[in-house]
Structure formats: structure tokens, C-alpha cells
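I opened the notebook to record what I looked up in this structure. The entries follow the order in which I checked things.

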Amino acid sequence: QVQLVESGGGLVQTGGSLRLSCAASGRTFSSYAMNWFRQAPGKEREFVAGIKWSGGVTYYADSVKGRFTISRDNAKNTVYLQMNSLKPEDTAVYYCNADVYLGNPAKTGYWGQGTQVTVSS
């Protein structure tokens, strides 16, 4: 059974930092991409950042380029999202996703339960 478990969310002030983690288990993910999405109240779920498990190719949404960094630890089967210079508009529930496609525009694959990130102004 595939499980993606996010952690690391919380409340932070504008300009602060948080690091989200996604621990993956239940299958081999070497051919997968790991993506982070977010969903703010009343808005659609949107792509944030992704990384190919094999090779480490990364891809970012324009809104987070230069502020967020995605990385992976193969030994721990864990993907991280380091978020710096946070803004109130980054407030959302952040979801971890595993799919064969980097970026995953169809929003398919496996999903975690989400972790809340709130940035206060």
C-alpha cells in the first residue's frame, strides 16, 4: 500500500522559512517524479515544485522560483521542500504527489493527506 506522509507545516511570519517533508513508502519510486502541490481556500490545486526520483531533475512554478527548493534523500525515501522568503499568498494546504510525470498537469498518481502552511502578514 502506497503511503505519502507530509510533515513540517505550520504558522510563520512573512519572510520566514519552513521545510516540508514527504516520506514515501509502499512501492519503488525510482521511475517516478515527486511533486508538491498546494491548494488555497476557494482555489484550484496548483503545482509548486517537482523532482525526478532518478537523476534529480527539478521543475518549479514561476511563483516560487528562487524562493523554494525541492530535494530528495534516496536512502530515506523522503522528499523535501525548503520554503524561504514566504509570503501571505503562499498560505495553503501543501500536498505531496507521486506520479510518472514531473509537473503532473493531470493531477494523477498518489497523494498525501496534506499539511497546512500559514504565512501571517
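Entry 1. Which residue in β9 is the bridge partner of Phe37? I looked it up, and the partner is Tyr95. I note here that I am reading a predicted model. The pairing of β4 with β9 is antiparallel and runs over seven bridges.

Entry 2. I stayed with Phe37 and checked β5. There, Phe37 stands opposite Phe47. β4 and β5 pair in the antiparallel sense as well, over six bridges. I noted that the two strands form a hairpin with six residues between them. In the turn I found Gly42, with a positive phi of about 80°. In general, strands of a sheet pair through backbone hydrogen bonds, and they can be parallel or antiparallel.

Entry 3. Is β4 largely enclosed or left open? I checked its seven residues and six of them are buried, so β4 is largely enclosed by the rest of the structure. The cut-off for buried is a relative accessible area under 20%.

Entry 4. I looked for the largest nonpolar core and found that it has 32 residues. Those with the most contacts inside it are Met34, Trp36, Leu81, Met83 and Tyr94. I then listed the elements that give two or more residues to this core: β3 (18-25), β4 (33-39), β5 (46-52), β7, β8, β9 and β11 (115-120).

Entry 5. I traced an open sheet of four strands. Its order is β1-β3-β8-β7, and the pairing is antiparallel. Why is one side of β1 and of β7 left without a neighbour in the sheet? Both strands stand at the edges and have a single partner strand each, so one side of each has no neighbour there. Ignoring direction, neighbouring strands of this sheet are turned by 15° against each other on average. For β1 and β3 I found five bridges in the antiparallel sense. One pair I wrote down is Val5 with its bridge partner Ala23 in β3.

Entry 6. I went through the backbone angles. Most residues other than glycine have a negative phi. Asn77 is not a glycine, yet its phi is positive, at about 50°. I located Asn77 in the loop between β7 (68-73) and β8 (78-83). Its relative accessible area is 25%, so Asn77 is partly exposed. Ser85 also has a positive phi, near 50°, and is a residue other than glycine. Ser85 lies in the loop between β8 and β9 (92-99). At 41% relative accessibility, I list Ser85 as partly exposed.

Entry 7. I finished with the protein as a whole. How many helices and strands does the secondary structure come to? I counted zero helices and 11 strands. Of the 121 residues, 43% are buried. Along its principal axes the C-alpha trace spans about 40 × 25 × 25 Å.

Notes: Residues are numbered from 1 along each chain as its sequence is written. This is a predicted model: local features need pLDDT of at least 70, side-chain atom pairs count only at pLDDT 80 or more; totals for chains, interfaces and linings use all residues. Side-chain values use heavy atoms; hydrogens and water are left out. Buried means under 20% relative accessible area, exposed over 50%, partly exposed in between (1.4 Å probe, protein chains only). A nonpolar core is a set of buried Ala, Val, Leu, Ile, Met, Phe, Trp, Tyr and Cys residues joined through side-chain atoms within 4.5 Å. Two strands pair if DSSP finds at least two bridges between them. Axes are lines fitted to C-alpha atoms, for helices over the stretch in contact, and angles run from 0 to 180 degrees between N-to-C directions.
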